[in-house]
Amino acid sequence: MATLLRKIGLIRLHDRDTDGAKHQGSRKASKKNGGKQCNASSNEGILLQSDHHHHHYHSSSSSSHHQQLPHSHKRCEQPSSKDASKDKQQPQQQTGNKVPPGGSSSGSVPGQPPNKQHCAQVRSRRLMKELQDIRKLTDHFISVDLVEDNLFEWNVKLLQVDKDSALWQDMKETNTESILLNLNFPDNFPFSPPFMRVLSPRLENGYVLDGGAICMELLTPRGWSSAYTVEAVMRQFAASLVKGQGRICRKVGKTKKAFTRKEAEATFKSLVKTHEKYGWVTPPVSDG
């Protein structure tokens, strides 16, 4: 029995020594592995430090680059409250300054009608010059009288026509010294034509229609040019009278009937409408 117990004790001591040796071996192995791991970790730390240093260099250079940017760039990214309020006001001002189609904010806008004051100045200067030029004529072709001293309404006497024409013979036989016409200049003259009509004597043919209206393309808005002068218009009218075989009316009853402005305006509107439809050619008889 004692021998058996002694053997059991020896076996336990042997097992203890064996376990202790294994434990010491594992400690040594762990120390070796730990040293390798430390070396590896130290190497990785060096690499990380170098990378960190390189990254820090780039970040510092980029930060210095951002610091060198002007303050205006920073304000663009984060506008102040004053700038934001200005930006809000600018679209309102722009919309307030917009000119609607067909309107005019000032008389200097191209393609738009000038204001009334500018029109009056242009019309007055042009007509004063026209009067001066007519008074300088040496052939006494026409003469001008202002109606009640109104610069914008003239009575013009046509003193001469072609002396070989039948109209000139009529004037001599009837002791007619001149053909009297009335000219009214609109507000936007010389950019629009004057309204011209015959007052006396009563004429037939020669492109003179009811009421004394005159059928001439240059007296219409489409045929008019601001370069035309009153003198040029009157010379053209004198030529059209002869070309159209105009005569002084001698029929009983008609000679005493005077031309009226109302009748002339209605006739002129009708003839303009007819010529806009057919052009400036002889229209059909049905249209007059």
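The structure holds zero disulfides, a disulfide being a pair of cysteine sulfur atoms within 2.5 Å. Before I go on, a word on where this comes from. This is a predicted model, in which local features need pLDDT of at least 70 and side-chain atom pairs count only at pLDDT 80 or more, while totals for chains, interfaces and linings use all residues. Residues are numbered from 1 along each chain as its sequence is written, and side-chain values use heavy atoms, with hydrogens and water left out.

Cys 119 is buried, at 12% relative accessible area. Buried means under 20% relative accessible area, exposed means over 50%, and partly exposed lies in between, with a 1.4 Å probe and protein chains only. Cys 215 is buried too, at 16%.

Next, the charged side chains. How many salt bridges does the rule count? The count is ten, where a salt bridge is a side-chain nitrogen of Lys or Arg within 4 Å of a carboxyl oxygen of Asp or Glu. I will go through some of them.

Take Arg 126 and Glu 130. Their side chains form a salt bridge at 3.0 Å, N to O. Both residues sit in helix α4, residues 116-135, and they are four residues apart, about one turn of the helix. Helices (H or I, at least four residues) and strands (E, at least two) are DSSP runs, numbered from the N terminus. Is Arg 126 buried or exposed? Arg 126 counts as buried, with 18% relative accessibility. Glu 130 is buried as well, at 5%.

Glu 231 is partly exposed at 22%, and Arg 235 is partly exposed at 34%.

Now a pair of another kind. Which residue forms a salt bridge with Asp 170? One partner is Arg 247, with the closest N and O atoms 2.5 Å apart. Asp 170 is buried at 2% relative accessibility, whereas Arg 247 is partly exposed at 37%.

That is the last pair I have for today.
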